[in-house]
Each structure stands twice: as C-alpha cells, then as structure tokens.
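The following exercises concern one protein model. Each task is followed by a solution in steps.

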Amino acid sequence: MRRVVVPFVISQLVSSLPVWAHGPTFEEISVYGHRTRMTGDALAASQGVIGQGEIDGKPMLRTGEMLELVPGMVVTQHSGSGKANQYFLRGFNLDHGTDFRTTVMGMPVNMRSHGHGQGYSDLNFIVPEFVGQISYNKGAYSALGGDFSTAGAADVFLLDRMDANLLKLELGQDDYLRSVAATTLNWQDSRMLTGVELTRYTGPWQDISEDIHKFNGLVNYSQDLTDGRIGVTLMAYDNQWHSADQIPQRLVDSGALNPLGSLDDTLGGDASRYSLSVNAQLGRWTLNAYALHSDLQLFSNFTYFLNDPINGDQFEQTDKRNIYGAELSKHWSSLAIGLDWQQQAGLVWQAEDIGEVGLFNTRARTRLSTVRRDKIDEQSWSAFYQSDILLDANTTFRTGLRYDYLDATVNSDNARNSGNASDGLLSVSAGLSYLFTPSLEGYINAGQSFHSNDARGATISVDPISGDDADKVDLLVRGETAELGIRYFDSRKMNLSATLWALQLDSELLYVGDAGSTEPGRASTRYGVELSGYFWWDKLSADIEIALSHSAFEAGDETGRHIPGAVDRVIALGGQYQFSDNLSANVRLRHIGPRMLTETGDVQSGSLSVVNAGVRWRQQGWTLDLSVLNALNSRDHDIDYFYASRVVNEANEVEDVHFHPIEPRTLRFSVAYHF
C-alpha cells in the first residue's frame, strides 16, 4: 500500500522470467502499492507485479494469502493450516490449484495426479520475508504458460540478498509463535542468503489443538558472470499438524456442535518438501533446472459415519514423489522489414516419479483397508515460441505458439486400472497493445491453455470402491481465454485498469466432498469484468479491486448448469495512512459473494467479509507490527460445500451444507531487528 522502491528489469516483469535472467544490471523503479508503471511494458491489463514492500506490509493469517495481492484472488482454508490453501479466481473454485499455475524460482508448485487433488499447490514452504517479487497474469496469453495456467499464473522469485541481517519474532493469541532469521554473506561477485523460519500454533478450535510444527530453510547462492549470472537455491520444508475439518450446518443450528468444534479429533497430516534448483543466464541463453522431493500424509473425514457406521469414514491420502525438470530458452532481438522484433524460444522437460499415491480407510490414523494404491510415472515435453513485434512507436503485437506432450504410466494394485495414456496439445496466443498516450494503454488478447487430468482417471477401468466399470477421461483438457483491457497510470495520483474477459473450458475440475478430491466434470463457460484503482496522496494511499463474473456449465440437463463453488464477485478495499516517518497504519476489507453449492442452484452459501488491520512503527533498525486479523470478529465461512453425511446418532444420511468457519479475531505482535 505504500510507496517502496524495488530493483527489477522491466523486460523480465513482462516475460515473467527471474529478475536476474538478463544479467546483473538493475534499474530503480518506484512502486506504488503493488503496481508498477506497466504502461508501455505489459501486454495485458490483467498482468502485474507484486513487490516485497507490499508483501511485507500485508497482515496475513496464512502464508498463501500472499496471492490475495493478485486482484480478484481469494485464499481461504477448509482444513488444517498445514494443508494447501483453497483458491478462488475468475469464477473458479480452484480447490487447491487446478487451473492456476504457480512456480517458485522456475520450479512447479502444482502437482499432477496428486493424492488429494489434481494440481495440488501447497505454498507453506515459502517464507514471505524471503520473496523478492511475484509476477502474475490472468488468462492464457503467453506461450510461457503450460499446464494449469488457464485462469492465470503466478511466478514467485526469491531474494538473493537482503540489505541487512534479520531477526524477527512474532507472537499471537492461541499460542502463535513464529521466528525468522536471515543473513547475507557478500563477496566481490557473489552472495549467499541463508534464512530459517520456525512456526508453532495451536489454533482457536474448541476440541483440537492444531499443534503446528513448521520448519522452513533457505540457502540461495548467486554468482555474477562476465555475461550473465548463475544461482543455486536449496529449500527445505517440514510440517506436522492436526486439523479441524468442515462440519455440518445442522449440528451447529441445533446447538449440538460449536462452530469451532469438530466431529473427529484425530485428523491432520505431515508434509515435507526438499528442493535444489539452478538458474543460469549466459548471454541470450537461460537455463532453469531443478530436482525436488515431496511427501504428504493426510487424514480427513468429511462424511463422519455415512459409509462405515462402525469405524467411521476417516481416510488417509498419501503422496510421495520426486520431480525433475529443466527449461532451456533463448531470447534475441532482430530487425525485420524495418520492425523491431523481440523473440524467445525454449524447450521444457518435466518428470514426476510418484512412488506412492494411495487412498486408505482409517480409524484414528490406523489403516483398516486399502481403497487404492498406485505408482505413476509422468513425463512432459514442451516447446514454445513467442515474439513481440513493435509495429510502430505505440503498437506492439505479440504471438505465441506452444506444444505440450504428456505421457503417463500407472501401475495400480488392481491390474485392470494399470496402463499407459498420452496426449498432446498445440496452444496459440496473440495480443495487441496500443499506447494512446504515455499514461494510457489499451490491450486485446486471446489464447489457449490446458490442465491435465489425474493419470489414474485416464487409465481406469473399474471403480476401486464399487467394482463397477468406470469411464476413462482425457489426459489433457483444453481451455480458451480472451480479454479486452485498458490501463491508465499517473505517477502523481493514481493507477487504474479495467478488463472484460471470457473463458471456456472443455472439462471442469470439481471438488467432491465425500471423496475429498477433484473429479472431471462437464464443459463450462465464464465471463466477467475486473476493475482496479490505486490512489495516493501526501500521507494517504488507497485501493479498490472489484471482480464480477458469471460461470455456468455449457450443457444443461436435469442436474442444472450452476458450477458449485463458483464465485460471482470479489471486492477488496484497502487504505494506509503515514502518520510520520516512523508510524503508519493500514486496514483491508475482503468480500466474497455467495456461491451456488449445487448444480441446480437450490442451495447457496452466504457471503464472506473480513477486515484485517495493522499498525507499524520503525526506528533505527527496529520494526514493530501489531496486526488485528478478522478485526470485526466476523463469523462467516471460509468455505461451504453441500453433500450427504451422517453423524453417530442419525439413522439415515442427511444432505446438508458443510462449512469451515473463518478464525475468530486474533491479535499478533511482531518485533524485527535489521542489523
């Protein structure tokens, strides 16, 4: 919300490459809030950059809420704090990732054929203080996208140095304790940032202590070269927790269950992620390579005693995998028929060696039986080409081509569900921008992208629970997007943008409450409008973001056309006042409109509104922050679903709304020392 100065190269913000990708020369750019002056540089009104200053100034309950700085994005949770967040954008209930791609230093966060849900994106391994910037785009208008990028993408780049060493301690209600330490070692042409984060938290729940034990470690080494730079990043993440899952509305209404209560107090999980990545740039060539190991064990119970009235419906989902990948690209400039032509081409390879992806029936975290247990090998190869042609001093034309091929082999505990599947897609994108004045620019864009389906769904023959024959699904699913936008920038007063957009998806990925995972659905269509305004005066800055959308299945039948969980409006308001050089205060409102919970539209959730506020004081290397999260103590819901369940004393199943409440008002205080 305030004016900060961050280093970056304009061209890298446009292409979403790392900030160091074109060498060590940087330019100082003034950033107002989290918007840079993108006129003349961006190829879409919905493209932007979030700087460290804005991330640092946002009061956050969870790490994943960094992505709420993307206009129109909502980040919630329907389970324990160690699990991937719930994401909403452009009319999508993205569940834990599905159609929004996220990368960190070129490494994918979304996971294919995941034990809990396709595209699973857990951001808990990121430490906000170590993030340099987040480049984002909505829609599929770049050939650099790929799997899961239909609704948009965010690329997270970590700092390679800090201006000063950091010691930070954060305390809060419900036994919240978080500590961060970081130091930078500098040599003549190289540097190494080392940091660590430790978090403990019990949570506000009536009968469960979340008992979070989270560790994050980072070592980021970079070396300047004669004509470029090379960086090596090591990241380590480990987390254990208990969780309060969603609960049935009927028990809360009757007074039998406190809104902060639970029906199964043995839920939770254990997650870890360890990675090594290399990012190198030499002249016009860029190489990103990585290897990572991820492990998840998750215990859930969404239907209580619906399927098993004796032992209950608790289940365990496991996912153990190694992911390897590399991207080699070249960018160059040329002059053709008198026009300035910027070009980029590259090859991408990714392999996922999934040693175990399993589903088990459990009771109090003890396995009772195996529902399904598989090993999966997936490999993808991609080639892309993108060009930006400066038609005249004010007009830029972008074209992009990308081909993706995915091959998957499933080895299942049921031989009938084993097999091989493969698919390939060619994606095309194009965009035109026109600079009416140095402060006013218009854009028109169209593009194609896709998401992959779980490989198990592409090879399945028999349902592992019922034993009935099962239908296979396509491995890759096409998405098409288009938008018309305009952006106005006045460095003295404001930054405004408006976008009209539309999106078509050949098969919707939907969350299934009683299975705790995502499944393919019908084709869908979405359209909407987004408005953003950022304003600044002498000591006051303010912003408003409005995103309105309509979502529907294309084929209507007796089940209806409403897409369960689709959000029709998101509104964010914020303001900051600088009382003096040392003292400032900020407040933010986030509002999400009601969602249809059934395809027929006969059940609807309530809306969600929450206010966060904070006060900051700085003096001679010290920074003190007081944050009030959910300042008005709203009792709205983070998430709502509608499905059948049964509790102990019920004779029959009951279709009902199941929800996870937002956490009550909580105070957090932090002290940081920079030296």
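**Exercise 1.** Identify the bridge partner of V104 and place it in its sheet.

*Solution.* In β8, V104 has M107 as its bridge partner. The model is predicted, so that local features require pLDDT of at least 70 and side-chain atom pairs count only at pLDDT 80 or more, while totals for chains, interfaces and linings use all residues. Residues are numbered from 1 along each chain as its sequence is written, and side-chain values use heavy atoms, with hydrogens and water left out.

Next, β7 (residues 100-104) and β8 pair in the antiparallel sense over two bridges; two strands pair if DSSP finds at least two bridges between them. Helices (H or I, at least four residues) and strands (E, at least two) are DSSP runs numbered from the N terminus.

Finally, the open sheet consists of five strands in the order β3-β9-β10-β7-β8, with mixed pairing. Its edge strands are β3 (48-51) and β8 (107-108), each of which pairs on one side only.

**Exercise 2.** Explain why Q249 counts as buried, and list what it touches.

*Solution.* Q249 lies in helix α3 (residues 249-254). Q249 counts as buried because its relative accessibility is 19%.

The side chains of Q249 and D253 are joined by a polar contact of 2.8 Å. Such a contact is a pair of N or O atoms within 3.5 Å; within protein, one must be able to donate a hydrogen and the other to accept it, and residues adjacent in sequence count only if both atoms are side-chain atoms.

Not counting residues up to four places away in sequence, Q249 touches H637, D656, V657 and F659.

Key
Buried < 20%, exposed > 50% of the residue type's maximum accessible area, 1.4 Å probe, protein only. Contact = heavy atoms within 4.5 Å.
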